[in-house]
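Biologist: I am new to this structure. Could we go through it one question at a time?

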Amino acid sequence: MNPSPLSIHRWTPLSVASVAAVVGAQLLLVAVPLVFGANVVERLTTLCIYGILALMWNSLAGYGGLISVGQQAFFGLGAYAAIRLADAGFPVYPALALGALLVAVAALPMAQAMLRLKGGEFAIGMWVVAEFVHLLVNLDPLIQGETGTSLIALNSFDAEARRSYTYWAALASMAALAWGMFFLLRGRLGTAAQAIRDNEEAAASVGVRVFAAKRTLFLLSAFGCALAGALWVATTISFQPKTYFSVQWSAYMIFMVLVGGIGTFEGPILGAVLFFAVETAFGATGVWYMIGLGATALLFAMLLPQGLWGAIEKRFGLRLLPVGYFLK
Amino acid sequence: MQEANATHAVDSTGEGPSRREFIRAAGAAGLALALPGGSLWAQGADPKNTLRIGFISPRTGPLASFGETDPHVLTLVRKALASGLSSGGRQYAVQIIDRDTQSDPSRASQLAKSLINEEKVDLMLAISTPEVVNPVSDACEAAGVPCLSSVMPWEAWYFGRGAKPGAPSPYKWSFHFSFGVGSFVRAYTAQWNLIPTNRKVGVLYPNDADGNAIRANLAPELAKAGFTIVDPGPYENGTTDYTAQIARFKAEKCEIFNTFPIPPDFATFWRQAAQQGYTKTVKIAQLAKTGLFPSTMEALGNLGFNLAGGAYWHKHFPYTSPLTGLSGVALADGYEAASGKQWTQQLGATMALLDAGFAALKTTADPKNKAGLAKTLGTLNTDTMAGKVDFTKGPVPNVAVTPIIGAQWVKAKPGAKHKLDFVITSNADDAKVPVGAKLISYS
């Protein structure tokens, strides 16, 4: 760092307060199953999973500049890995996390190949990967093609215990991934990632290890999406490959991130809450709901490319969670 | 909320939406989030004296033809239960809450959860295809709510959800009655012995769960019954060129043809088979999974006449619905009069599910006791619109097997309202069902 008349700040009183509030809120959320009924717990579980997906897509697109429409590959693989491990007799809740870890390991060779592609090629390439992985999973005799199977290992828990465990697992996963990303982005990787997003060649020319940074984000995103898939199968039990490897998951992630605010830390979480609300309100309208989602994402991309949080941030200079620096 | 937001964005063209509007939209969205939360605690007027039944089926999307007739059946049942249901010495009001899965398994699962958690249903009913029945059954298993389902092969329901052959049943809350591979074996061997053929069967089974299960389980049984199976191997759903398969069937002179395709694939295959001259050789064309409903058959035009199919219900089944007191013919005629459309076999299947569900509610000691109701379902032995449903002697626990009847689509008599008539040609799986017509050779 060069000496400068300007001083560099990271924390503001507001961000200190908001980080404290977030920590407090997360601790309060832990107590939800003790206070509220089944419906609130299950809905919050879904919201946590959406939150994970939004965070993970944003980590790729918002920070790594890697637009992927194939993250459902990891989502489906995470669910599949959990089912395979549970079928092999592995305790089912640890299987969710271990499965996601195995998917991240499998994503390593994938990263070596896919990260050589750029822009649109990468996006479509990831979709192809997702379709390919889908077909491979269909070949497994345990899955029986599109009929799929169910995570019946969870039947050994009674309804209430399983609901609470799954909720805690989802909450812990979202919090861990969000904090993990928070600290990663505050470190060397955050700086590198933003340099890459703004201009890859320029970043490389000043010594940023472009490939390594991208690979870290790719693996993080693969792990997070796989964990979301594993948690999803724990909440729905049924695994039908077509629904897990469906491109609609990518559409949901894109919606959440674009509307919430791409490249901001808070935006995707806001997007996940919004998406959850929209789904609750309009999900029953079928095709029109999908058209509405698409149109909204389109309008946001055209009229408000930085998303809701981006706009709020720009207007008020708000930084609730300090992942960047500012000058005074 | 998002839609309102989008309109704002369009209205204020040129300048883009104001920040305030966005904040307002965000606030409104937050409210929307809170609203369903607020209604969670809302209950029916008198929850203790009301039985709430969830009913989930596919009404829109690719599986819509299954759910098309459900509103009619539900109207009849609601009318029959208008004065409530008496069970365990008490009178209950009945509320049936029906939901459409839009043919999407994730949505089926979400609907089941919301019916369980928000509507607090006492019994769940789910019908038609694994895409509906399996996720709903799983959701009920997870939440400890009794669930009864029908109309998908029981093997795909029981083993398809992870149960292992020989092991005790892993299901405590979900029960299913439907046809299975055995039903097809009985129906086909009877049907194919009706007219003289060279007993060579060309089979077109896709590379999906149904196709592979049928290849593994049905084909050997048919071979045992004296038929020669000619299998050109699995094909992928959505294939558009069947020249190789047709050439093989032609070369082997397969006079019987059997297939388990998704409906659009059959239309493609059968048109190509006609162009390439294979259909002239075929004496019996036996369809499953497609050819269930008149609408899909009419779409085939003249090629649809004399195709043979299977029926899980037919209006000439000699049973009445205990719930509504309707006979098969009365149910079918009532539907035709109300909708102006031709009756379908789904009418009776949906009615049978409701018959069985309410029989369990009636006979159980306390219909509000979920564990007790699940126990009653496990030993349920009752009459329905589609015949007997008996859970006491199933091949596996939680399952009752129902028949498949051989039938054929024939050209309707002149002056009839509809183009095609669906007639019963063999009854090996349920001898009480009257055979209505002789099987006609396709070519």
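**Pockets, cavities and contacts**

Modeller: About 770 Å³ of space lies in the second largest pocket. Keep in mind that this is a predicted model.

Biologist: Which elements give two or more residues to the lining of the second largest pocket?

Modeller: The lining of the second largest pocket has 25 residues, and those nearest its centre are V22(A), L29(A), M174(A), I269(A) and V273(A). Chain A supplies the elements that give two or more residues: helix 1 (13-30), helix 3, helix 7 and helix 13 (267-282).

Biologist: How many residues of the lining of the second largest pocket are nonpolar, polar and charged?

Modeller: Met and Val count as nonpolar here, and Gly counts as polar. Divided in this way, the lining of the second largest pocket has 21 nonpolar, three polar and one charged.

Biologist: Turning to cavities, what is the volume of the largest cavity?

Modeller: A cavity is counted if it has 30 Å³ or more, and the count comes to nine. The largest cavity has a volume of about 180 Å³.

Biologist: Which helix gives the largest share of the lining of the largest cavity?

Modeller: Of the 15 lining residues, E42(A), R163(A), T235(A), K113(B) and A142(B) are the closest to the centre of the largest cavity. At least two residues each come from helix 3 (38-64), helix 7 (159-186) and helix 10 (210-236) of chain A, and from helix 5 (105-117) and helix 6 (130-143) of chain B. By class, this lining has seven nonpolar, four polar and four charged residues. The largest share is four residues, and it comes from helix 7 of chain A.

Biologist: What accessible area do the residues of the nonpolar surface patch with I124(A) have together?

Modeller: I124(A) is found in helix 6 (residues 119-139) of chain A. I124(A), W127(A), V128(A) and V247(A) form this patch, and together their accessible area is about 340 Å².

Biologist: Is the aromatic pair of F184(B) and F260(B) stacked or edge-to-face?

Modeller: Over all chains, the count comes to 47 aromatic pairs. In this one the ring centres of F184(B) and F260(B) are 5.3 Å apart. The planes stand at 70°, and over 60 degrees counts as edge-to-face, so the pair of F184(B) and F260(B) is edge-to-face.

Biologist: How many residues apart in sequence are the parts tied together by R84(A) and D140(A)?

Modeller: The structure holds 22 salt bridges over all chains. In the one between R84(A) and D140(A), the closest N and O atoms are 2.8 Å apart. R84(A) lies in helix 4 (residues 72-87) of chain A, and D140(A) in the loop between helix 6 and strand 2 (149-150) of chain A. The pair therefore ties together parts whose separation in sequence is 56 residues.

Methods: Residues are numbered from 1 along each chain as its sequence is written. Chains are lettered from A and ligands numbered from 1 in the order in which they are written. This is a predicted model: local features need pLDDT of at least 70, side-chain atom pairs count only at pLDDT 80 or more; totals for chains, interfaces and linings use all residues. Side-chain values use heavy atoms; hydrogens and water are left out. On a 1 Å grid over the protein atoms alone, a cavity is a set of points where a 1.4 Å probe fits but cannot get out, and a pocket is an open set with protein on both sides within 12 Å along at least five of seven lines; lining residues have an atom within 4 Å of a point. Grid points are joined across faces, edges and corners, and a volume is the space filled by probe spheres set on the points. Patches are made of residues with over 30% relative accessible area and no salt bridge: like charges are joined within 9 Å, nonpolar side chains (Val, Leu, Ile, Met, Phe, Trp, Tyr) within 5 Å. Accessible areas come from the Shrake-Rupley method with a 1.4 Å probe; for residues, only the protein chains shown count as cover. A salt bridge is a side-chain nitrogen of Lys or Arg within 4 Å of a carboxyl oxygen of Asp or Glu. Rings of Phe, Tyr and Trp (its six-membered ring) pair if their centres lie within 6.5 Å; planes under 30 degrees apart count as stacked, over 60 as edge-to-face and the rest as tilted.
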